[in-house]
Amino acid sequence: MKFFADTADIDAIRELADTGLLDGVTTNPSLIKKAGRDIIEVTKEICTITTGPVSAEVVATEHDEMMREAEVLRKIADNIAIKVPLTKDGLKTCKKLTGDGTMVNVTLCFSANQALLAAKAGATFISPFVGRHDDVGYPGMELITDIRIIYDNYEFETQILVASVRNPIHIHDSAKLGADVMTAPPEVIWKLFNHPLTDKGLEAFLKDWESTGQKIG
Ligand code: G3P
């Protein structure tokens, strides 16, 4: 399963890249606002850190304007994936862009039927938001289960990119269900390392080693 960082924080992206855990990046208008930087400049800098897909979202809601914005965004780098919302105009734009060879990440997906529409429109990635599903009392991971079944039934090439990931359980369950990608805030990815028995075991190893009085080299 690929790991994408769901952020526009350059330092956080670089730290993940340095550990070999970065396969791509996703941003959205809220993450650009949080970064406090110009969308073109920060996206350009992100593309210098990873050669994996970097999702940059259009903010227009009409097809022609979406295409205009997509033209601006895809000129940033070859690894740009254009993010469009799961709307009629979004899928019309998706079909046009993927037809021209541009990666498209269809976002704000909240049902398997929506994911089916995105696959038929040729989406490169579909972003079902599991955390927001959980927030309103629906089991977000069941959405991933259903999409995986439907996509496998028809051998759709659209990659399931689990989004709105809030905790390590979302990542664990996404991997078990066979999602292609998950995108998460870096702080959630770092939590994957946490286990008290690892800490305890390392402490015991180091204590025993210290008692040997030895050094390696
Ligand atoms: O990629 C979508 C993600 O940024 C949304 O996450 O936590 O705002 O639902 P969240």
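Q: Which residues in α8 meet residues in α9?
A: This is a predicted model. In it, M141, I144, T145 and R148 of α8 meet H170, D173, S174 and L177 of α9. By class, the residues of this contact divide into three nonpolar, three polar and two charged.

Q: How is a pair of packed helices described, and at what angle do helix α8 and helix α9 pack?
A: Two numbers describe two packed helices: the angle between their axes and the distance between those axes. Here helix α8, residues 140-153, packs against helix α9, residues 168-177, at an angle of about 15°, and their axes are 10 Å apart. An angle under 35 degrees counts as roughly parallel, so α8 is roughly parallel to α9.

Q: Which hand does the crossing of α8 and α9 have, left or right?
A: The crossing in which α8 passes α9 is right-handed.

Q: At roughly what angle do the axes of helix α4 and helix α5 cross?
A: For helix α4 (residues 63-74) and helix α5 (residues 88-99), the axes come within 9 Å and cross at roughly 45°. That angle makes α4 oblique to α5. The crossing of α4 and α5 is right-handed.

Q: Which residues make the contact of α4 and α5?
A: From α4 come H63, M66, M67, A70 and R74, and from α5 come D89, G90, K92, T93, K96 and L97. Sorted by class, the contact of α4 with α5 has four nonpolar, three polar and four charged residues.

Q: What do side chains do along a strand, and which residues lie on the two faces of β4?
A: In a regular strand the side chains alternate between the two faces of the sheet. In β4, I80, I82 and V84 lie on one side, while A81, K83 and P85 lie on the other, and all are buried, so both faces are covered. Six of the six residues of strand β4, residues 80-85, are buried, so the strand is largely enclosed by the rest of the structure.

Q: In which sense do strand β3 and β4 pair?
A: Strand β3, residues 54-57, pairs with β4 in the parallel sense, over four bridges. To place one point of this pairing, V54 stands opposite I80 in β4.

Q: Is A5 buried or exposed?
A: A residue under 20% relative accessible area counts as buried. A5 has 0% relative accessibility, so A5 counts as buried. A5 is found in strand β1, residues 2-6.

Q: Which residues does A5 touch, leaving out those up to four places away in sequence?
A: A5 touches L16, L22, G24, V25, T26, T183, A184 and P186. As for V165, which is 160 residues from A5 along the chain, the C-alpha atoms of A5 and V165 are separated by 10 Å.

Q: How many helices and strands does the protein have?
A: The protein has eleven helices and eight strands. Its C-alpha trace spans about 70 × 40 × 30 Å along the principal axes. Of its 217 residues, 46% count as buried. Among contacts between residues at least 6 apart in sequence, 57% join residues at least 24 apart.

Technical notes:
Residues are numbered from 1 along each chain as its sequence is written. This is a predicted model: local features need pLDDT of at least 70, side-chain atom pairs count only at pLDDT 80 or more; totals for chains, interfaces and linings use all residues. Side-chain values use heavy atoms; hydrogens and water are left out. Axes are lines fitted to C-alpha atoms, for helices over the stretch in contact, and angles run from 0 to 180 degrees between N-to-C directions. Angles under 35 degrees count as roughly parallel, over 145 as roughly antiparallel, 65 to 115 as roughly perpendicular and the rest as oblique. A crossing is left-handed if the near helix is turned anticlockwise from the far one by less than a right angle, and right-handed if clockwise. Contact means heavy atoms within 4.5 Å. Ala, Val, Leu, Ile, Met, Phe, Trp, Tyr, Cys and Pro count as nonpolar, Asp, Glu, Lys and Arg as charged, and the others, Gly among them, as polar. Buried means under 20% relative accessible area, exposed over 50%, partly exposed in between (1.4 Å probe, protein chains only). Two strands pair if DSSP finds at least two bridges between them.
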